[in-house]
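These are my notebook entries on a structure I examined chain by chain. I wished to record the overall form, the contacts between chains and the packing of selected elements.

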Amino acid sequence: MSSLRLVVQPHYCIGCRACEMACAFTHGKDGQVGASRCRTLTVGKDEYVPVLCLQCDHAACVQVCPVEAITQDPATRIVHVDQDRCVRCMACTVACPFGNMHFDPNGNHVHKCDLCTDHGDYPRCAMFCPTRCLSVERIEQGAP
Amino acid sequence: METVRYDSVDDFGSHVKRLKASGLARRRRVLVCCGTGCLAGGARGVAEAFAAQLDRSRQAELNLVVKRTGCHGFCEKGPLVVLMPRGTFYKGVKPEHVSQIIERSIVGDDVIEELLYVEPGSGKPVAGYGEIEFYARQTRVAMRNIGHIDPADIDDYLLRDGYAALAKTLSTMTPEDVLSTIEKARLRGRGGGGFDAGRKWRSCKRAAGEKRYVIANGDEGDPGAFMDRSIMEGDPHGVLEGMVIGAYALESHEGYIYVRQEYPLAVEHLQRAIDDARARNLLGDNILGSNFSFDIEISRGGGAFVCGESSALMRSVEGKVGEPRAKYVHATDKGLWDQPTVLNNVETWVTVPRIIEQGAEWFAGLGTEGSKGTKAFSLVGKVKNTGLVEVEMGTTLREIIFGPGGGMLEEGERGRFKAVQTGGPSGGCLPAAQLDLPVDFDTLTRAGSMMGSGGMIVMDHSTCMVDVARYFLSFLVDESCGKCVPCREGLFQMYQIVSRICEGEGTAGDLDQIDDLSRAILVGSLCALGKSGPNPVLSTLQHFRDEYRAHINERRCPAGVCKALITYRVVNEACDGCGACLKACASSAILGTPKKGDTFNIDEAKCDRCGACVTVCKRGAIAVG
Amino acid sequence: MKIEVDIKPTEQILARYPAQPRFLISVMQDIQLGYRYLPREALERVAGALGVPLARVYGVATFYKAFSLTPRGERELRICTGTACHIRGAPLILHELQTRLGIKPGQTTEDLVFSLEAVNCVGACALAPVVVVNDVAHGNVSVTGVRRLIRTPKTPKTPKGKDVGADN
Amino acid sequence: MEQTGPSSFNITINGRRVEAARGEVVLQVARRAGIQIPTLCDHPAVEAFGSCRLCMVEVTKEEWKGWKGLMTACLYPVAQGLIIETDSESVHHVRRNVLDLLLARCPDSELIRRLAAEYGVTRTSFVQRENPDLCILCGLCTRVCETAATSAITTTRRGHDREVGTPWGGPPPDCIGCLGCAHVCPTGHITFEDKGLTRTIWGREFELQRCSDCGKPLPLTRDQVDFLARRQQLDPSYLSRCADCQRRSVAQTMGRIARWHQLGLVQEEAEVAQ
C-alpha cells in the first residue's frame, strides 16, 4: 500500500489561486461552495506561497485536542478531524504553528486539508495547479 | 481488663470454651430493649434506672447482668424488658416500674401482672416470652440473636456461637467449599430482587480484575421496612461474620457496609463491632492466624433512596452522586471502582454464618421450592402487633397478618382488612382475595407486587388506595435521581394525573393515559427504581379500579381521605359540647360555644381538613364523608 | 448577609480522613454535623483538600438530603412520611407543623430555632406516625400532641404554639 | 459480558446482517451500517450515559425463546447472534412517550419539536412545565466539561428538580470558558457571547488571549490557554498567535526559500512536506 504526500515548491507559485478554488469546490456541500483549506499568501512583489496542512507527525493540533478528536492515520499519515467528536473548543486553530486549522463559521466546524481522501485519492489542489508548485508524490509505506 | 487476641482457630476455640464455662455466662440476664422503637418510648430511662439501682456489686450479688439489647421486634409494646432465663416478658415499662421489677421479679420470684402482655385473642396475660403468639409463630434465623445479646459486647455474640462459622470456615473449608455451600443452600438475596446469591458470588469469582470487593447494603430505603436496621443495630457481628466468610470464598480483601444516613445507631454499633473484631483478630490481617486478610469500612449514605440500587450505591461509596448505571455489564464484572464486586443486603449476609454452621441442607429444607429459608418482615400499618417478624418462606399473608400480627387494629367496618402493601415503592398492594398467597419471591412478583426488602404495610378501609398510589408517586418523584427521562419526567407526570384524580379533577381518559405512560416507564427507565415505579399505581388500579372510578366519576373518596372530596361535619346528637375541637382547630373553622347542648357547625370554607378535631373528639362526634 | 465562617473545624475534620475523593461524603457529613449546614468556605477547602472539583462537591451537596446549604435550626424536626406513617396520619402531622411554624419542609424558622424536614421513613414504622427531633424519635404522635414538640422554652414570650405561626 | 468467542461476528439489525466487533455497542454498529437510531445524550467525545432513552431498540436472540427486551443502543454491548429491531411498535411506543414527556418539559425546543413530530407527537399530552427553558438534561455539557475541561459545571439536586448549574449558582470558579458545553448542547440552552476581548458564559467574564503579533483576540480565553498548555503538555507559545499570523509567518519563511531557489542558492528542490 502506498500513501500520498503533497510537495509544495513555492518558487513555482504564480498566485493564481486555482488551488483554493479547487479546494473550495471539492469541499462544498449541498451545491454550496465550501471553504478552502488552502490559502495562497502574497509575500512580496509577484511572490506567492500556498500554505496548507503538512500532515505533521506529533502535530500540535493532535496534541492540544482535549477530546482526542484529531488523529493521525498511522498508515497514510494523514491527520483527520473527527467532526462528531469535536467539541469546537478552537484550541487546534490556534495551536497549529502554520495556521492550517481553519474554522468555518457557516458550517460551525473546524476543518483542515485531508489530501482529499474523501474525494478520490488525488488532492484536487495539485490536480489543478498549473505549475509544478503543488504536486503529489506516492511513497511506499514505511518510507520516511 | 484482659486483652484477648486470637492467633489461631484453636486459640479462639479455647477462649470461647472458657467464656462459656465462666460464671458470667451462667448469670441471669435482664434484657432491656434499646431498639429505636423502645428508645422512642423511653427505654433509655428504663436502662438507666436499672443501672442506677443495680450497681456492679449488686448485680454480682444477685448473680445477674443487665443488658441493653437490640430490637426485640415487638415495637408496638415498648419499652420491653425480658428477664432471662425464665423469659418473663414485660411491656410498656417505665422508669418508675424498675424498682418494683427488681424487688418482686428479680429478688423475689413474683410476676407483675400489669406489665404482662395480654393476648388479644384470649384476653389473658402471658408471662413467658416464648408463649406470646407474636414470637411463637416466628422462625428466627436472620434475627436469632437480636434482643438476646448486647450488640456492644462481642462476648455476648461469642456465647451464642458467634464467629464459630468463621472458625469452621477458616479451619476446615476451602473458598470453593464455601461457594458451593451457598449455592447448594440456594440462598436468594434478601434485598429485593431475590437474585441467587451463589450465582452472584460465582460470577464475581470468575470475573477478571485486580481486586474484588464485598459490600453489605444497609441502605434500607423502602418506607415501612426496618428489618435491616434492627439487624445492624442488634446483631452487628453477625453481619461482619457473614461478610468475612463471603470475602474468604471470593478471595476479597476489602469490604464496605453502606448504612443509610437515617440510622446513626446502626453506624455506632457496627463501628464498635468492627473495632472489637479487629482487636480480637477476627478482622484485619491474617484473621485467626490464617493467611486470609480482610477488612471492612463503613460508608455512610447521604439520604437518597436511589442509593439502595446497587450501581448507585457503589457510586455513593466512591464519594459521588448516587446515579445508577445501566446493568448490561454486571457489578460482578465491573462494580465498585470498576472491579468485580459482590453486593448483598445485610439480611443476606447475616444469614451466611447460619448456613455455614448448620449446613446447606438445613437451610434448603426451610421455605418453598423457589425461595429457601426464612424472611424477616416489618409488619406495620393498621395491624395490632406492629413490629418485626421472621417466618419461613411460603407462609401466607393471612398467617402473618392474623398470626404474629394479631389481626386488624381497629374494629368495625372501616377497620376491616383492605390491602397489604409489600415491596415498598417497587411493589404493590394486594387485596383481601389474595391473603392466602404464600409469601415468596416468585409468588409475590406474579401477583403484581414483590418481596422487596420485606416491608409489609397493612391497610384497612380508612385507607384510600388512590391516595396510596399518589403517596408512592410523590415518594418516587422526590427520590428519583433525575438521570433518565421516563423516571424523572414520566413519574412526575403520573403524579400529576393521580393528584388530579385525588383532587376531584380526574377525567375519563386519565386511566388510559396512566396505562400507556406506565408501560413506557416500565420498559424505558434506566434502573430498577424507574422500572418498578409504576407498580404501586398499576396494582391499585388492578385491584381497586372502583375506587379510582368513584374519584373520577362520582367525585367521591370512599375511604374519606382525599381532602378535596370530603367534608367534616359535627354530629350534634353525639356531641357533648366539650369544646375540645374548637381548641384543636387551627383555622377557627368550628362555630359554637363550648357548652352542653349547643350546636356546632363547621365552616367548610375555613376548614382545611387537617383532621385535628377528629383526633381530639372523644365521642366520635365528627363525621367525615 | 455575610456570615464569618470559622474554617478550623473543617481542618480538623479533614485531618481525620485520607485526602482521597472517596471520603467526600463522609467529610461532608461531619461538616454538616458541626456547622448544621455546609458553608461555602468549608466546601471550597474540602474540594481543594480531597482533589474533587468544586462543582462536583456542590452537586453532591444538593443531591443528598442529609446536606443543607443554609443553616438549619437548633431543633430539627424530621417528620417521617414513610408508608406506615402516611396511612397513620403523617400528612396531618406535617400540615399541623407547617401551619404552626409557618415554614415548609426544607425550611428553617427565621430565629434559627426550628427546621422542618419531611423524610422518607426513619425505620421506626411500628410507632407510626413518628417525628424525630434531633435524632430522638417520638412515636405515635397526634395532631395535638405534636404541638408539645414545638414549645420553645428558649424563646420566651411565645406561650402558645399558636402565636408562633400567627404572623405568616 | 461476553469475554470469550470470536472478536468479530455478525448480528442482525432490522433483518440485515451486519458485522460487529466485540467491545462495540449496538449504536456504533448500526450507525456504521447506515441504520439511523435517534439519540439526544450521545456524543462520541464522552462516555455513553443512557439518560435520554431515545435510542432504545428491541433486542433478542434465537435462544431467548421469544423473549425480547428494550435496551439502550448506546450502551448495549454486541454479542454473537443478537437480533435487533430499531423501529418496532414497542420501540416507537417508548420513543413517543419520551418525546412527549420532553415536549412537556421543553415546548420551545426546535429539536424536540422536530423529533416529536417524527413520532407523531405535535402537542404534548402532559402538563407543560411552567417557565420552560431549553434544557433537556441530557448531561452532555457536564460530561464534556469533565472530559475536556475542568468539571466546572454539574447537575444539581435530583429528580424533577434536577438542573444543570454552577456551584451556588454563581460564576463557576473552575470554568475556563472553552465553550465545549455550549457547543455540544443539542438544544441551544447554553448561551455565550464573545465581544471584543471579553467572552461571557455561565455569568462569568473571561479575557480572550490576544495574538502576540497582531493583537487581535484569539478564540481562546487566557484560562483556557493555561489549562491546555498544562493538561495537554504543550508549550504555551503554541497558543499565542492567531492562525492568520501563523500562516503569514510560515509563508514568509517559505517565500525566502523560494527566493533562494530563484537566486540559485538552493540546488535541490525544497520539499516542504514530511
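**Entry 1. Chain B as a whole**

I note at the outset that this is a predicted model. I began with burial in chain B and found that 57% of its 625 residues count as buried. I then looked up the secondary structure of chain B, which has 27 helices and 19 strands.

I next asked how the radius of gyration of chain B compares with that of a compact globule. For 625 residues such a globule would have a radius near 25 Å; chain B has 26 Å, which agrees. Along the principal axes, the C-alpha trace of chain B spans about 80 × 65 × 40 Å. I also checked contacts in chain B with a separation of 6 or more, and 71% of these involve residues 24 or more positions apart.

**Entry 2. Helix α9 of chain B**

I examined helix α9 of chain B, residues 164–172, for its buried positions. They are Ala165(B), Leu166(B), Ala167(B), Thr169(B) and Leu170(B). I then asked what covers these buried residues of α9(B). The cover includes four helices of chain B: α1 (9–21), α10 (175–185), α13 (236–250) and α16 (346–358).

**Entry 3. Which chains touch**

I went through the pairs of chains. Four pairs are in contact, and among these chains B and C share the most contacts. Chains A and B are joined by no contact, and their closest C-alpha atoms lie 22 Å apart. Chains A and C likewise do not touch, with their nearest C-alpha atoms 18 Å apart.

**Entry 4. Chains B and C**

I looked up the contact between these two chains and found 47 residues of chain B against 40 residues of chain C. On the side of chain B, the elements giving two or more residues are α3 (36–40), β11 (374–381), β15 (455–460), α20 (465–479) and α27 (612–616).

**Entry 5. Chains A and D**

I turned to the contact of chain D with chain A, which takes 40 residues from chain D and 38 residues from chain A. In chain D, α4 (140–148), α5 (180–184), β11 (217–221) and α7 (243–262) each supply at least two residues to this side. The most come from α7(D), which gives 14 residues. The side of chain D that touches chain A holds 25 nonpolar, ten polar and five charged residues.

**Entry 6. Chain C and its sheet**

I noted that the domain assignment of chain C gives domain 1 (8–63) and domain 2 (75–164). The centres of these two domains, taken over C-alpha atoms, are separated by 29 Å.

I then traced an open sheet of four strands in chain C, ordered β2-β1-β3-β4 with mixed pairing. Which strands stand at the edges? They are β2 (114–119) and β4 (136–138) of chain C; each has a single partner strand, so one side of each is left without a neighbour in the sheet. Neighbouring strands of the sheet are turned against each other by 25° on average, direction ignored.

I followed the pairing of β1(C), residues 75–80, with β2(C): the two run parallel and are joined by six bridges. In this pairing, Cys80(C) has Val119(C) of β2(C) as its bridge partner. Finally, I found helix α6 of chain C, residues 90–101, packed on the sheet, where it touches β1, β2 and β3 (131–133) of chain C. The direction of α6(C) makes about 150° with that of β1(C).

Definitions and conventions: Residues are numbered from 1 along each chain as its sequence is written. Chains are lettered from A and ligands numbered from 1 in the order in which they are written. This is a predicted model: local features need pLDDT of at least 70, side-chain atom pairs count only at pLDDT 80 or more; totals for chains, interfaces and linings use all residues. The radius of gyration is taken over C-alpha atoms; the globule rule is 2.2 Å times the number of residues to the power 0.38. A residue is buried if 20 or more other C-beta atoms lie within 10 Å of its own, exposed if 12 or fewer, and partly exposed in between; C-beta atoms are placed from the backbone. Two residues are in contact if their C-beta atoms, placed from the backbone, lie within 7 Å. Ala, Val, Leu, Ile, Met, Phe, Trp, Tyr, Cys and Pro count as nonpolar, Asp, Glu, Lys and Arg as charged, and the others, Gly among them, as polar. Domain bounds come from an automatic or database domain assignment. Two strands pair if DSSP finds at least two bridges between them. Axes are lines fitted to C-alpha atoms, for helices over the stretch in contact, and angles run from 0 to 180 degrees between N-to-C directions.
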